[in-house]
Amino acid sequence: MLVFSERLKELRLEAKMTQQQIAERLKIKQSSYARYEYGNREPTLQTVTQIAKIFDVSCDYLLGLTDY
């Protein structure tokens, strides 16, 4: 899930959002979200879908299956 972690952080920084802001939208703790960015934890499919909606990208992009 290295690609996921990298893209997640990249998208968050491009959106000029903090980990806390994203975590609040996902209704999880900031520390849980940080683990996704650090690659220490994998989100559920539901959470991946929510993240994709927040950043207006596809789940395939987040997972590294496409480059757009």
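Which residues does methionine 1 touch, not counting residues up to four places away in sequence? Select Glu42, Pro43 and Leu63 to see them; contact here means heavy atoms within 4.5 Å.

Before moving on, a note on the model: it is predicted, so local features need pLDDT of at least 70 and side-chain atom pairs count only at pLDDT 80 or more, while totals for chains, interfaces and linings use all residues. Residues are numbered from 1 along each chain as its sequence is written, and side-chain values use heavy atoms, leaving out hydrogens and water.

Stay on methionine 1, in the segment before α1 (2-14); helices are DSSP runs of H or I with at least four residues, numbered from the N terminus. Methionine 1 has a relative accessible area of 44%, which means partly exposed (between buried, under 20%, and exposed, over 50%; 1.4 Å probe, protein chains only).

Next, go inside. Select Phe4, Leu8, Ile22, Tyr33, Ile51, Phe55 and Leu62, which touch the most other members of the 16-residue largest nonpolar core (buried Ala, Val, Leu, Ile, Met, Phe, Trp, Tyr and Cys joined through side-chain atoms within 4.5 Å). Color by helix, and α4 (45-55) gives the largest share, five residues.

Finish on isoleucine 51: beyond its neighbours within four places in sequence, it contacts Phe4, Leu8, Leu26 and Leu62.

How values were computed
Helix = DSSP H or I, 4+ residues; strand = E, 2+ residues; numbered from the N terminus.
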